[in-house]
Amino acid sequence: MAEKKTSNHPIAKSDEEWRKTLSPEQYRVLREHGTERAGTSSLNAEKRKGVFLCAGCGMPLFDSNTKYESGSGWPSFYAPREEAVETSVDKSHLMSRTEVHCANCGGHLGHVFPDGPKPTGERYCMNGAALKFEQK
């Protein structure tokens with residue numbers, strides 16, 4: 001019997017299909033809402049011009065010109081590309097935060113906080129394991 005696909009997103013895969021295409025760390029972050037340790041992503045130091053994509057489906061999420069050094073230990077951006085992400089309320093860890101998901105596959109990317117720079121005042125604090133970088 002085939003495993004049921006349960007997503008309402010344009011890209012919907014079974015857990016088995018996701019496990020075949022993602023590394024164990026990517027699966028933990030994107031599909032199980034995990035968080036990588038701060039300071040462990042090579043994307044923290046990425047300064048080249050390009051686009052940050054969803055590691056799960058390749059959806060362009062953030063342009064490099066919106067990336068900034070937040071000091072948080074995770075790649076941070078002040079704005080996503082239009083219609084690239086969705087948000088939901090995350091009440092885990094005895095607090096309420098705004099969780100950020102890929103609009104295309106529903107993968108967990110990280111959280112957004114209201115302490116970012118101008119022009120948005122937002123800090124999209126993303127897990128590097130949830131992203132891929134494509135240089136322009």
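**View 1. Ser-70 in its loop.** In this predicted model, Ser-70 is found in the loop that runs between strand S3 (67-68) and strand S4 (76-77). Ser-70 has a relative accessibility of 27%, and because that value falls between the 20% and 50% limits, the residue counts as partly exposed.

**View 2. The surroundings of Ser-70.** When residues up to four places away in sequence are left aside, Ser-70 touches Ser-76 and Arg-123. With Ser-76 there is also a polar contact, made from side chain to side chain at 2.8 Å. Tyr-124 stands 54 residues from Ser-70 in sequence, while the C-alpha atoms of Ser-70 and Tyr-124 are 9.7 Å apart in space.

**View 3. Cys-57 and the sulfur of Cys-102.** Searching the whole structure gives zero disulfides. Cys-57 accordingly takes part in no disulfide, and the nearest cysteine sulfur to it, which belongs to Cys-102, is 3.6 Å away; a disulfide would require the two sulfur atoms to be within 2.5 Å.

**View 4. Cys-125 and the sulfur of Cys-54.** Cys-125 is likewise in no disulfide, and here the nearest cysteine sulfur is that of Cys-54, at a distance of 17 Å. Cys-125 has a relative accessibility of 9%, which is under the 20% limit, and therefore the residue counts as buried.

Conventions:
Residues numbered from 1 in each chain as written. Predicted model: local features only at pLDDT ≥ 70, side-chain atom pairs only at ≥ 80, totals over all residues. Heavy atoms only, no water. Helix = DSSP H or I, 4+ residues; strand = E, 2+ residues; numbered from the N terminus. Buried < 20%, exposed > 50% of the residue type's maximum accessible area, 1.4 Å probe, protein only. Contact = heavy atoms within 4.5 Å. Polar contact = N/O pair within 3.5 Å; in protein donor to acceptor, adjacent residues only side chain to side chain.
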